[in-house]
Amino acid sequence: MTQIAEHLSRAKEAVARCQSLALFTEDPPRIRRTFLSLPMRACHRQIEDWIRPLGMNVTVDAAGNLHGLYPGTNGTDRRLLIGSHLDTVPDAGAYDGILGVMLAISLVESLKGRRLPFAIEVIGFSEEEGVRFGVPFIGSRALVGRLDEELQSRRDSNSVSVQEAIQSYGLKPSEILAATLREGVLGYLEFHIEQGPVLEHRELPLGVVEAIAGQTRMEFIFTGVANHAGTTPMALRRDALVAAAEWALAVEREAREISGLVATVGALEAKPGATNVIAGECRATLDVRHESDATRTRSVSAFLRSATEIAKCRDISLTSSTKLAQPATPMDSFLVREIDAAVSQAGIKSHRMVSGAGHDAMILAERVPSAMIFLRSPGGISHNPKESVLVEDVAKAIECGLHLLNQLAISPEFQSRAHRA
């Protein structure tokens with residue numbers, strides 16, 4: 001079998017495995033797999049069946065992250081982490097997160113027992129999406145020591161806390177500290193579908209992520225006066241919904257003037273919400289993202305000024321609160337250059353890009369050199385049952401990954417940069 005045919009065969013298997021794991025769901029036939037749910041246990045068991053025959057030691061840490069260790073030469077404790085998340089959003093596709101874990105397994109399989117000067121640790125993070133507890137990255141936060149008591153006390157819609165979910169899964173919250181990264185980590189690599197249309201537009205199978213955009217999430221509450229829709233003249237209304245709608249249009253207009261900025265008013269919730277009642281209150285959300293923290297911060301301030309001015313003109317009161325302020329995260333420059341070279345070795349034009357979505361690599365980058373490789377998303381569709389990948393792109397990702405491993409195996413710079421706990 002030629003190398004091209006072998007990569008294609010492994011790609012087909014990786015895609016089939018993603019589709020197989022999609023059957024482990026809380027809401028069949030829709031895909032929904034949340035933090036330490038029963039389907040997550042089935043997912044862990046299936047992955048363990050795939051990787052134990054490769055000579056990998058399999059463990060699950062106290063935060064529910066699945067680890068598979070493929071040893072390096074001479075018993076070295078230096079290791080490269082490769083992985084992504086195993087949880088999903090409700091009514092998900094089969095590839096977001098999961099494909100990154102399957103590709104990590106494919107790379108180990110492609111080594112055919114060959115050992116590198118460092119170990120490979122495949123990681124399937126227990127939680128990234130934030131669905132069950134309203135806070136994302138529970139799995140990767142544990143690895144960087146940020147799964148604190150406050151986060152553990154958060155409760156889901158059934159009043160089950162994170163700590164109780166861990167206990168119910170048969171794990172020990174008292175051992176969460178032991179999930180923190182140990183010494184010897186050389187870096188973290190994450191393959192992930194792009195979840196956007198850029199690579200497809202450029203007719204490229206892969207992209208090199210050079211940064212993950214910073215993100216601000218806010219909530220605005222416009223408060224006017226609820227009143228009868230039939231008896232209140234237009235000129236005498238204090239309509240909170242109309243004020244919020246005018247502001248949403250202002251956000252769109254202003255965001256279009258700034259290169260690379262994306263701003264979204266994703267929810268407008270009017271109260272009392274009756275057909276014949278003028279809205280006395282309207283809750284609005286704002287999501288702003290940019291690779292430059294300075295640009296993002298200036299834009300958020302401008303959007304806040306717009307909301308204040310609109311509210312004043314309409315005699316509406318306004319309150320706002322910040323729910324998340326996540327700084328932009330540059331990927332490790334050395335790893336990005338090495339991925340550039342590996343992509344070129346695979347016969348692909350290297351294209352650097354910024355990820356508008358958050359990923360586990362953003363959290364791991366706090367402690368270890370981290371990098372990402374994007375795969376084309378047909379139609380730019382993700383978080384949707386129609387989410388898909390091209391088998392040929394997955395084969396190219398495997399080829400690129402093997403070139404990268406070979407490059408790192410002979411790189412003194414890479415092997416001298418092990419993380420210290």
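I looked up the packing of α1 and α2 first, and found an angle of about 155 degrees with the axes 10 Å apart, the axes being lines fitted to C-alpha atoms over the stretch in contact and the angles running from 0 to 180 degrees between N-to-C directions. The two helices are therefore roughly antiparallel, a label for angles over 145 degrees. R17, S20 and L21 of α1 meet C43, Q46, I47 and W50 of α2, where contact means heavy atoms within 4.5 Å. I sorted these residues into 4 nonpolar, 2 polar and 1 charged.

I noted that the model is predicted, that local features need pLDDT of at least 70 and side-chain atom pairs 80 or more, while totals for chains, interfaces and linings use all residues. Residues are numbered from 1 along each chain as its sequence is written, and side-chain values use heavy atoms, with hydrogens and water left out.

Next I followed α1 itself, which covers residues 3-21 and spans 27 Å from its first C-alpha to its last, close to the 27 Å expected at 1.5 Å a residue. Among its buried residues I listed R10, A14, R17 and L21, buried meaning under 20% relative accessible area with a 1.4 Å probe, protein chains only. The cover over the buried residues of α1 includes α2 (38-51), α3 (98-111) and α12 (391-409).

Finally I turned to G68, which lies in strand β2 (residues 66-70) and counts as buried at 1% relative accessibility. Leaving aside neighbours within four places in sequence, I found G68 in contact with I51, M56, N57, I120, E121 and V122.

Notes:
Helix = DSSP H or I, 4+ residues; strand = E, 2+ residues; numbered from the N terminus. Buried < 20%, exposed > 50% of the residue type's maximum accessible area, 1.4 Å probe, protein only. Expected span 1.5 Å × (residues − 1). Parallel < 35°, antiparallel > 145°, perpendicular 65-115°, else oblique. Nonpolar A, V, L, I, M, F, W, Y, C, P; charged D, E, K, R; others polar.
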